[in-house]
Amino acid sequence: MEHQYSQSEEFIRYALDSAAIVAVTDVTGTITFVNSKFCEISGYTEQELIGGNHRILKSGVHDGEFFRAMYRHIAKGKVWHGEICNRRKDGSLYWVDTTIVPHVALSGKVDSYTAIRFDVTQRKLIEEELRASKEELDILASTDPLTELPNRREFYEKIDEFFSQPQHVQTFHLALLDIDDFKEINDSFGHAIGDDLLKIISERIKSISQNNCFIARIGGDEFGFIIPNKSSDEVDAFLETVLEHLRNPIKIGHFTRRYSASIGIAAYPVDGNSASTLFKAADMALYRAKNLGRDRVASFNTELKETAERRSQALSDIEDGLRNGEFCLFYQPVLPINQQQGISLEALMRWHHPTRGLLTPGHFIEALQDRALSATLGLFTLEQVFHDVSQMQHKNIHVSRVAINLTNSDFRSETFVDRFFELCRLHGISPTQFCVEVTEGMFLGRDQKRVHNGLRRLHEAGVEVALDDFGTGFASLTHLRQLPIDRLKIDRSFISNIVTSEDDLAIVDGIIHIAHRMGKVVVAEGVETAEQAELLRRLQCDFLQGWHFSKACPLEHLSAILSSLASDSPHP
């Protein structure tokens, strides 16, 4: 239906009435006019609204100051704009974008207010959903889903908060807790059991946490603590209590056992003046707790920092040495008692250090505890020994086998063993030309399965396996029965006093007897005198190795030394 208007003012009023929610009140808030859209959205009839006070729509969302500020503004004849939440007759809420225009009479006083509103309820609902979603996402982004503890991100943000506080409340301790042998637990029982253990441990930690102590899971099996305004003694006592609670037996599935953890502590600002330095300090302390035997608390000190810096420098020097070609292999002969058998060699690493001269591994053994660098040196040894054996064949230097010393790092993946067989094919050298030497420690701990599998692959291809430093470990006989061991190398500590010590003589005699009964051969290392060599021959030791015959030498000297030994064998 079309309407004709003689005046533009009437048209404007019609347009507003068709599109907007309109109401007029006097200066006391009494409603004097409402349009149909006002009645529609509020649920009240025109008769219920006219003459009533606008407070009938009050939702309670806005406080009294909100309305007082609004009325002070419009009472001055100024237009007010904002969003208001009102309550319908049925009690439900709705939001309106509101413009209130004061009507100023000829006297200069405001005599009424016209409110023009638009329904924005849907927009406000969407905004609320988005806000709630953002809050939920923020919680998810800052919470570890497994333990429901704060995560690493939240932990760092909390540390930043402490750094931003005034100096007098800034002192706090940072502690890092690491579950002992957690990887072994995962490997032995499965990741589901490992996850259950993490949840139980986190619950135990939370149950004894102190007020204002912030705890987070910062990755894997590592938890972080921020403990403000406590003395070092108080922090130590609290963390010892944490360890005590963790030692209580835990039943997971069908398994009940005791678990332990190690903790490293650093204090701000004494041990570090930034988040990164404080983390490093706590991590060094944690490393020390592990090295001291685990299941303990260790605090950072400057000596740890100096040790870490020396170790870091040593690692860097070794990496430089590898790049600069400073590493090589020396070879020490292993002589058979039976002249019908050939001489073998043991490959031993040497470092031509630019300032310290020729170094044996004993001079940089601490750096070799780095698994990645140790694996790199292992692959270097492998490549170099194949190169050298090829050179021996070219020079008609004939040896029975060449032994390579291995570490756990060589079995951290399949790379080392795969490369061994690849080099056999590339150089045309049989695996039977080699022996690998391992120690008992390699069969203990988290890498034992990889070590077992790798040794079996090598042994099945004809590589001889020797157990080095025999007699110094804890489970040698078990290993002899279960593992593919071909030869035993009696540790030099027993050989050095064999002539004068009845105990050492009895031990060596017993080792040789047991090995022979099990079909294995025996090497005595560290032979330095003719008396030792003669006694070992009488004990029927199969092979002798030591300075009495030859020190380890570079490849270019090997031919001359082997020729000399051929004319001066260990036989009487």
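Setting aside neighbours within four places in sequence, Phe364 is in contact (heavy atoms within 4.5 Å) with Ile318, Phe327, Met349, Trp351 and Leu359. The model is predicted: local features need pLDDT of at least 70 and side-chain atom pairs pLDDT 80 or more, while totals for chains, interfaces and linings use all residues. Residues are numbered from 1 along each chain as its sequence is written, and side-chain values use heavy atoms, leaving out hydrogens and water.

Phe364 sits in the loop between strand 15 (357-359) and helix 12; helices (H or I, at least four residues) and strands (E, at least two) are DSSP runs, numbered from the N terminus. With a relative accessible area of 4%, Phe364 is buried, a word that stands for under 20% with a 1.4 Å probe, counting protein chains only. Ala314 is 50 residues away from Phe364 in sequence, yet their C-alpha atoms are 7.4 Å apart.

Helix 12 covers residues 371-394, 24 residues in all. From first C-alpha to last it reaches 35 Å, close to the expected 34 Å, which is 1.5 Å times one less than the number of residues. After helix 12 comes Asn396, with a positive phi near 60 degrees.

The chain as a whole has 19 helices and 21 strands. Buried residues make up 43% of its 572 residues. Its radius of gyration, taken over C-alpha atoms, is 41 Å, whereas a compact globule of 572 residues would have one near 25 Å, by the rule of 2.2 Å times the number of residues to the power 0.38. Along the principal axes, the C-alpha atoms fill a box of roughly 135 × 55 × 55 Å.

Methods:
Buried < 20%, exposed > 50% of the residue type's maximum accessible area, 1.4 Å probe, protein only.
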